[in-house]
Amino acid sequence: MSLHIYDYLDGNAAAGELSKIFAVDVTAAEGQCAHCGATKRFAETHLYMQGPGVVARCAVCKHVLLRLVSIRQRVFLDMRGMTYLSLDTSQLQESNE
Ligand SMILES: [Zn+2]
């Protein structure tokens with residue numbers, strides 16, 4: 001399978017899109033890859049934004065961790081590629097930057 005795996009941004013580029021769904025900064029959250037088990041900050045994922053949505057891939061094994069597509073007023077979020085996403089809720093007490 002041929003894939004342009006070098007043409008990505010880091011996970012921080014998804015902060016704007018993900019802030020539509022999550023009240024906390026997801027790029028600072030830790031997620032575990034369901035394929036290889038690597039646990040990393042979301043900001044470390046490899047982000048592909050060339051398609052109709054956003055695809056985040058594991059920095060270790062390149063498997064898809066998250067897909068996000070906006071269609072009109074609806075956002076579709078596919079997180080099957082992650083075993084879990086661990087969020088720091090202490091951010092909820094902080095004021096918006
Ligand atoms: Zn992985």
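Let me start with the surface, where I21, V75 and L77 together make a nonpolar patch of about 190 Å². What we are looking at is a predicted model, so please take each value I mention as computed from that prediction. Is I21 buried, exposed or something in between? Its relative accessibility is 36%, and therefore I21 counts as partly exposed, since that class lies between the 20% limit for buried and the 50% limit for exposed.

Now, please turn to the zinc ion. Which atoms of the protein hold the place of donors here? They are the SG atoms of C33, C36, C58 and C61, and they lie 2.3 to 2.4 Å from the zinc ion. If you look at the angles that the four donor atoms subtend around the zinc ion, you find values of 103 to 111°, and the arrangement is tetrahedral because of those angles. Along the sequence, the donor residues follow the spacing C-x2-C-x21-C-x2-C. One pair among them, C36 and C58, links distant parts of the chain, being 22 residues apart. C36 belongs to the loop between β2 and β3, the latter being 39-41, while C58 belongs to the loop between β5, at 54-57, and β6, at 64-71.

Let me move on to the backbone. As a general point, most residues other than glycine have a negative phi. With that in mind, consider K62, which is not a glycine and yet has a positive phi of about 75°. K62 is found in the loop between β5 and β6, and, at 25% relative accessibility, it counts as partly exposed. R72 is another residue that is not a glycine but has a positive phi, in this case of about 55°. R72 lies in the loop between β6 and β7, which spans 74-78, and its relative accessibility of 79% is why R72 counts as exposed.

Finally, a word on confidence. The protein chain has a mean pLDDT of 87, with 89% of its residues reaching 70 or more. Where in the chain is confidence lowest, and where is it highest? It is lowest in α1, where the mean is 86, and highest in β2, at 97.

Methods:
Residues numbered from 1 in each chain as written. Predicted model: local features only at pLDDT ≥ 70, side-chain atom pairs only at ≥ 80, totals over all residues. Heavy atoms only, no water. Patch = residues over 30% accessible without salt bridge, like charges linked within 9 Å, V, L, I, M, F, W, Y side chains within 5 Å. Areas by Shrake-Rupley, 256 points an atom, 1.4 Å probe, with all protein chains shown as cover. Salt bridge = Lys/Arg side-chain N within 4 Å of Asp/Glu carboxyl O. Buried < 20%, exposed > 50% of the residue type's maximum accessible area, 1.4 Å probe, protein only. Donors = N, O, S within 2.8 Å, 3.2 Å for Na, K, Ca; no water. Tetrahedral: all angles 85-135°; square planar, octahedral: opposite > 155°, others 65-115°. Helix = DSSP H or I, 4+ residues; strand = E, 2+ residues; numbered from the N terminus. pLDDT = per-residue confidence, 0-100.
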